[in-house]
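Hi,

Here is the structure I promised to hand over.

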Amino acid sequence: MRILIKGAGVAGLTTALELTRRGLAVTVFDTAPRIGRGASWFAGGMLAPWCERESAEQAVLDLGQSALDWWEEATPGLVSRSGTLVVAPARDRAELARFASRTSGYRLVDEEEIAGLEPDLAGRFRHGLFFEGEGHLDPRPALAALHRCLVENGVVFHLGDKSIDDGGFDRIVDCTGHAQVGSLSGLRGVRGEMLYLATDEVSLSRPVRLLHPRIPLYIVPREPGRFMVGATMIETEEAG
Ligand SMILES: Cc1cc2nc3c(=O)[nH]c(=O)nc-3n(C[C@H](O)[C@H](O)[C@H](O)COP(=O)(O)OP(=O)(O)OC[C@H]3O[C@@H](n4cnc5c(N)ncnc54)[C@H](O)[C@@H]3O)c2cc1C
């Protein structure tokens with residue numbers, strides 16, 4: 001059976017790998033000239049199903065737990081399983097209680113334990129939640145690793161063309177993500193915003209989520225001295 005996957009972001013590449021493993025002949029097509037330049041290029045790469053359960057349905061937790069193993073196996077050496085630390089300033093302690101009431105898979109940590117986990121946060125937070133089972137990766141090298149693996153396994157890539165003749169394929173899998181907002185019912189656009197920080201003054205071993213009633217944010221460590229900071233989640237139909 002010949003499969004055409006449209007979209008070479010994380011959804012397209014992971015689908016391609018799963019279908020290839022099942023012995024199907026897969027072609028991936030993307031209008032962009034390089035893989036993974038859509039939302040996947042800007043993602044935090046947090047593999048955080050327990051934290052996500054704060055606002056997501058149970059399926060995200062159930063499937064997300066096996067996704068941690070999936071990524072570790074598919075992108076050897078790229079997943080860090082050092083957990084997630086969730087903190088809030090003392091004045092926002094109610095936020096921590098609210099987050100805890102909506103999630104599971106954490107233990108309460110005090111100031112001393114926070115300092116043990118993240119020495120550079122010593123003395124800054126009195127209470128936190130530690131989600132030990134979570135992990136993270138840098139999406140850019142992870143997507144590149146998936147791409148290499150797919151090419152080695154015979155997947156054909158068509159990148160950078162406006163369209164592809166899909167006549168010869170038995171099935172088409174649409175992984176074009178945001179491009180379908182407005183034409184697929186039930187699909188809504190949510191935009192995240194991020195920035196990269198470079199500093200040698202701080203080091204972190206794991207994603208840290210800072211709770212706040214209006215502007216919660218998270219920091220994901222990349223290579224030494226580099227941090228991805230993400231904040232907003234905006235409901236919008238625009239790609240931005
Ligand atoms: C700032 C930010 C932080 C995030 N942090 C996390 C996180 O920590 N953890 C997490 O799990 N998720 C996170 N996400 C969400 C995650 O990035 C997205 O859910 C995911 O990348 C979506 O992948 P996708 O493959 O569906 O879409 P995309 O990566 O957008 O891929 C869609 C692809 O389709 C292509 N395309 C468009 N139109 C066509 C067409 N007509 N034909 C062919 N190809 C087409 C595009 O060029 C693109 O390559 C974050 C997102 C953002 C923006």
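**What I found**

Turned away from the buried side of H6, one face of that helix carries the exposed residues Arg 148 and Glu 152. Here buried means under 20% relative accessible area, exposed over 50%, and partly exposed in between, with a 1.4 Å probe and protein chains only. Helices (H or I, at least four residues) and strands (E, at least two) are DSSP runs, numbered from the N terminus.

Before you go further: this is a predicted model, where local features need pLDDT of at least 70 and side-chain atom pairs count only at pLDDT 80 or more, while totals for chains, interfaces and linings use all residues. Residues are numbered from 1 along each chain as its sequence is written, and side-chain values use heavy atoms, with hydrogens and water left out.

Back to H6. Its buried residues are Pro 139, Ala 142, Leu 143, Ala 145, Leu 146 and Leu 150. H6 has 14 residues and reaches 20 Å from first C-alpha to last, close to the 20 Å expected at 1.5 Å a residue; the expected span is 1.5 Å times one less than the number of residues. Just after H6, Gly 154 takes a positive phi of about 90 degrees.

H1 (residues 10-21) buries Gly 12, Leu 13, Thr 14, Ala 16, Leu 17, Leu 19 and Thr 20. The cover over those residues includes S1, S2, H3, H6, S8 and S9.

Now the strands. S1 (residues 2-6) and S2 pair in the parallel sense over five bridges; a pair needs at least two DSSP bridges. Leu 4 stands opposite Thr 27 in S2. The chain gets from S1 to S2 through H1, and this β-α-β crossover is right-handed, meaning that with the strands pointing away from the viewer, the path from the first strand over the helix to the second runs clockwise. S2 (residues 25-30) is mostly covered, with five of its six residues buried. S2 also runs parallel to S8 (residues 156-159), joined by four bridges, and Phe 29 stands opposite His 158 there.

The largest nonpolar core has 39 residues, and Ile 5, Leu 13, Val 26, Val 28, Trp 71 and Val 86 touch the most other members. By core I mean a set of buried Ala, Val, Leu, Ile, Met, Phe, Trp, Tyr and Cys residues joined through side-chain atoms within 4.5 Å. Helix H3 (residues 58-74) supplies the largest share of this core, five residues. Apart from it lies another core of 11 residues, including Leu 85, Leu 117, Val 208 and Phe 227.

His 136 lies in S7 (residues 135-136) and is buried, at 7% relative accessible area; among its contacts beyond four places in sequence are Met 46, Leu 78 and Pro 207. Lys 162, in the loop between S8 and S9, is exposed at 82%. Lys 162 touches Phe 29 and Thr 31, leaving out residues up to four places away in sequence. From Lys 162 to Phe 29 is 133 residues in sequence and 9.7 Å in space, C-alpha to C-alpha.

Cheers

Notes:
Contact means heavy atoms within 4.5 Å.
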